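Student: I would like a close look at one helix packing, with the criteria stated as you go. Please start from the structure shown here.

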Amino acid sequence: MRVTILGATGFIGRHLGAALRARGDEVVESSLRDPARAAEASAGSAVVVNLAGAPVAVRWTEAAKRAMTTSRVDLSRAYIDALARIEDRPSAYVGGSAIGYYGYRRTDVPFDESSPPGDDFLARLCVAWEAEADRAGTLGVRVAKIRTGLVLGRDGGVLGKLLPLFRLGLGGGVASGGQWYSWIHVDDEVGVLLHAIDGADGVLNATAPNPVTNRDFTHALGRAVHRPTIFPVPAFAAALMLGEGGTVLTEGQRVVPRRTLESGYVFRYPALNEALRALVA
């Protein structure tokens with residue numbers, strides 16, 4: 001199978017490309033910076049996977065928020081418009097999204113794929129992002145939308161940033177520690193994407209079945225690297241680092257992959273301790 005990946009050089013894109021090649025698929029890497037050229041590169045592929053987007057783990061200045069919106073919404077719209085003019089276009093579109101769709105609200109009630117969107121910046125961004133994926137469906141292609149949580153991997157994502165600190169014994173909880181973190185091992189993130197490439201459609205939450213609180217996440221990571229976790233990060237420090245985006249760390253979300261499981265996906269790492277052991281070994 002031939003698969004085009006938009007955003008192939010990013011953390012998740014690199015892992016997905018490697019997994020596709022390992023199973024014998026042909027991978028076409030393209031950039032969404034030039035939507036027309038990306039559409040041309042997609043011709044002849046069975047599936048296109050759109051993982052492109054400016055970083056979210058930065059201070060949310062107005063310029064950063066514009067970049068997040070332009071890269072996910074405006075460029076995706078231009079790509080779909082260009083794809084409509086391609087005769088030999090893919091038969092499936094797998095669009096990236098995020099659990100930010102549900103909004104950052106402090107609640108113990110879990111969100112699943114049927115939950116309504118929130119009303120903060122990231123939620124509105126995800127709604128608009130997914131709307132562009134839905135436009136691909138008007139071209140007669142199968143559409144899957146992958147709402148990704150905190151991806152854990154040694155070479156990127158949130159764990160790539162935390163591991164050096166925790167290995168030095170400088171790790172600690174964030175704010176109250178009671179906020180929920182919905183995480184996923186990078187192998188399962190790729191697994192859910194492959195599941196969608198191979199036929200699953202609609203909304204799929206890419207989060208492990210067992211989300212944990214920040215406190216439990218902190219203690220589990222400390223145990224995995226055999227270091228204490230005694231340096232808490234107060235809420236105001238998260239706000240100083242990320243501005244409005246600090247709510248991602250201080251509020252959190254409890255998200256479960258109900259529809260992902262119902263569609264037949266089996267998680268390799270459903271529990272945090274075994275995921276961390278595999279990653280830090």
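Student: At what angle do helix α2 and helix α3 pack, and how far apart are their axes?

Tutor: This is a predicted model, in which local features need pLDDT of at least 70 and side-chain atom pairs count only at pLDDT 80 or more, while totals for chains, interfaces and linings use all residues. Residues are numbered from 1 along each chain as its sequence is written, and side-chain values use heavy atoms, with hydrogens and water left out.

Two packed helices are described by the angle between their axes and the distance between the axes. Helix α2 covers residues 35-42 and helix α3 residues 62-83; they pack at about 50°, and their axes are 8 Å apart. Axes here are lines fitted to C-alpha atoms, for helices over the stretch in contact, and angles run from 0 to 180 degrees between N-to-C directions. Helices (H or I, at least four residues) and strands (E, at least two) are DSSP runs, numbered from the N terminus. The pair α2 and α3 is therefore oblique; angles under 35 degrees count as roughly parallel, over 145 as roughly antiparallel, 65 to 115 as roughly perpendicular and the rest as oblique. The crossing of α2 past α3 is right-handed, a term used if the near helix is turned clockwise from the far one by less than a right angle, with anticlockwise giving left-handed.

On the α2 side the contact is made by Pro35, Ala36, Ala38, Ala39 and Ser42, and on the α3 side by Leu75, Ala78, Tyr79, Ala82 and Leu83. Contact means heavy atoms within 4.5 Å. By class, the residues where α2 meets α3 are 9 nonpolar, 1 polar and no charged. Ala, Val, Leu, Ile, Met, Phe, Trp, Tyr, Cys and Pro count as nonpolar, Asp, Glu, Lys and Arg as charged, and the others, Gly among them, as polar.

Helix α1 (residues 11-22) and helix α6 (residues 186-197) can be described in the same terms: their axes come within 10 Å and cross at roughly 65°. The crossing of α1 past α6 is right-handed. Phe11, Ile12, His15, Leu16, Ala19 and Leu20 of α1 meet Val186, Glu189, Val190, Leu193, Leu194 and Ile197 of α6. This contact of α1 with α6 has 10 nonpolar, 1 polar and 1 charged residues.

Neighbours within four places in sequence aside, Glu132 is in contact with Val73, Ser76, Arg77 and Ile80. The C-alpha atoms of Glu132 and Val73 are separated by 6.7 Å, although the two are 59 residues apart along the chain. Glu132 counts as buried, at 5% relative accessibility; buried means under 20% relative accessible area, exposed over 50%, partly exposed in between (1.4 Å probe, protein chains only).

Arg147, in strand β5 (residues 142-148), also counts as buried, at 2% relative accessibility. Among the residues that Arg147 touches are Glu113, Glu130 and Val203.

For the chain as a whole, there are 11 helices and 10 strands, and 53% of the 281 residues count as buried. Of the contacts with a separation of 6 or more, 80% come from residues 24 or more positions apart.
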